[in-house]
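My notes follow the order in which I looked.

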Amino acid sequence: MGGMKMRNSLILPDRPLLDSRDVSRIREDYERFREGLPERIETYLLETYGLDVTARYGLRAIRNPFGKASGQLSLNVRQVQEDCRARLGFVVLKTVIAEDADGRRSMEEWAVKETRMMVGKITGKETGETGWNVTWQGRGWHGSFGDYLAFFRKALDIGREHGTVIVPSCKYHLPGGEAEEFRQEEYEYTTRRLHGVWRESGAEGPLQMEKDFSPTLAGSGRARQQCAVLRWLREVPVKIKSSLPPGEIVLGIKLMNSMFADEFQIGALRTLIEGSFTPPDYIIYANRLYDQTREFAGKIGAAYGGPDLSRRNLRMLTLLRKLELAEGLARPIPPLSGTGNVCTGKMALEYALRGVKSLQMHTIFQKPAGAYGMRKGAKTERALHDLYFHPEHGLVPWMLHLRHAEEIRNPEGVTSFMDITEWYRDRGKNWFLKHEGK
């Protein structure tokens, strides 16, 4: 990039290339906004810096690339209100466990109420980098399906009021082997009920939702057979989309990080893209790693994040784009939403340079209050303050770096996040084709 040395799977250098005027202005804004961000931050960034941060989540246009991933921070109305007021681009609600018309849930063991959560620093095993990690016991929505539908309806109303995209997340039945059939009644009943709420709320267009292959699933007995996992990736999108008439659903598949080697992981991506008769409309890549030896709350085995997670995700996305550029895929890659150790604007751009059009985050919203630059306010707004304006690793300095390095060119003088997501196709093509994915 611009003649600069690239380090392993990272594209951006250690420090941004900026002129002194930009450095001063960013530092001034970082200090000025410690008490609160501008009411319309996206307009401010465009008018002050010439930065267009509009993005896409799945097939939907969003005002900025930042969203909240499904989890413990998106399971009640208060949390959704705070996120919408802070101007997140989108919010994915806590994952509900599918059921049939009689209330039977085959994945009942994932409907566990969270009882303990621990936030702390973590050191990456591969590089020794330090990052943040959250460990908790909870899995999916522990309440009734009726309560989830009511929550979904209220969240849609709040999102519409504030211009934030709201989508549900669901975990459906997954057979353990080739001999076991999918429980289609779970797929149909749950999807149709979610679609009913979507329609009743007045939401425009087809139902948008995510199917969550959770990190705890990666460590379970269900996912120990590679053939079973590949079968899920081939057939689950078909099962969900066939539950509604054509054109009535936009489906995102949140892919788990398997416990198998990189070769299987890239094969899983290829299966999801090429192997399904009905591929997903977009892919969320990829959730937390799973350590079978990690102990938490008296149990052995826990999901974790931090630098190792982003390192693996970026490595896999690099290999995927390399395949695409070498015309090694039978189908186009669906739009991507990235997740995994997105705790800085710089990391968000590492994902974007690989074609990722939006970012899902969780851990960044749970750091201790003193770990943010903003002095007061909800943690969502505090996180956005650092994501945008941190002088060393914020989105603003690094988008300006790409402008100064002449990597992202726009004749109107505006640097666009969406243009950055197309960098790999043209100016970055040689880097991807030569990169070995280390």
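**Entry 1: Asp22**

I started with Asp22, which sits in helix 1 (residues 20-32). I take helices (H or I, at least four residues) and strands (E, at least two) as DSSP runs, numbered from the N terminus. This is a predicted model, in which local features need pLDDT of at least 70 and side-chain atom pairs count only at pLDDT 80 or more, while totals for chains, interfaces and linings use all residues. Residues are numbered from 1 along each chain as its sequence is written, and side-chain values use heavy atoms, with hydrogens and water left out.

Is Asp22 buried or exposed? Asp22 counts as buried, because its relative accessibility is 4%. Buried means under 20% relative accessible area, exposed over 50%, and partly exposed in between (1.4 Å probe, protein chains only). I then listed what Asp22 touches, leaving out residues up to four places away in sequence, and found Leu400 and His404. Contact here means heavy atoms within 4.5 Å.

**Entry 2: helix 3 and helix 4**

I looked next at helix 3 (residues 77-85) and helix 4 (residues 145-162), whose axes come within 10 Å and cross at roughly 15 degrees. That makes helix 3 roughly parallel to helix 4. Axes are lines fitted to C-alpha atoms, for helices over the stretch in contact, and angles run from 0 to 180 degrees between N-to-C directions. Angles under 35 degrees count as roughly parallel, over 145 as roughly antiparallel, 65 to 115 as roughly perpendicular, and the rest as oblique.

The crossing of helix 3 past helix 4 is right-handed. A crossing is right-handed if the near helix is turned clockwise from the far one by less than a right angle, and left-handed if anticlockwise.

Which residues meet between helix 3 and helix 4? From helix 3 I noted Val77, Val80, Gln81, Cys84 and Arg85, and from helix 4 Phe151, Lys154, Ala155, Ile158, Gly159 and His162. The residues of this contact divide into six nonpolar, three polar and two charged. In this sorting, Ala, Val, Leu, Ile, Met, Phe, Trp, Tyr, Cys and Pro count as nonpolar, Asp, Glu, Lys and Arg as charged, and the others, Gly among them, as polar.

**Entry 3: backbone in the loops**

I checked Arg87, which lies in the loop between helix 3 and strand 5 (90-97). Arg87 has a positive phi of about 75 degrees although it is not a glycine. Arg87 counts as buried, because its relative accessibility is 13%.

Asn341 also went on the list, with a positive phi of about 60 degrees although it is not a glycine. Its loop runs between strand 14 and helix 10 (345-352). At 18% relative accessibility, Asn341 counts as buried.

I found a cis peptide bond from Tyr285 to Ala286, with omega near -20 degrees. Ala286 lies in the loop between strand 11 (282-285) and strand 12 (289-296).

**Entry 4: Ser337**

I moved to Ser337, in strand 14 (residues 336-339). Ser337 is buried, because its relative accessible area is 0%. Beyond four places in sequence, I listed its contacts as Tyr57, Phe90, Ile283, Ile284, Tyr285, Val356, Ser358, Leu359 and Gln360.

With which side chain does the side chain of Ser337 make a polar contact? The partner is Ser358, at 2.8 Å. A polar contact is a pair of N or O atoms within 3.5 Å; within protein, one must be able to donate a hydrogen and the other to accept it, and residues adjacent in sequence count only if both atoms are side-chain atoms.

**Entry 5: helix 10 and helix 12**

How many of the eight residues of helix 10 are buried? I counted eight of its eight residues as buried. Helix 10 packs with helix 12 (residues 395-404) at an angle of about 45 degrees, their axes 7 Å apart. Helix 10 and helix 12 are therefore oblique to each other. In this contact, Gly345, Lys346 and Leu349 of helix 10 meet Leu395, Trp398, Met399 and Leu402 of helix 12. I sorted the residues of this contact into five nonpolar, one polar and one charged.

**Entry 6: Glu324**

I ended with Glu324 in helix 9 (residues 307-325). The side chain of Glu324 makes a polar contact with the side chain of Arg425 (3.4 Å).
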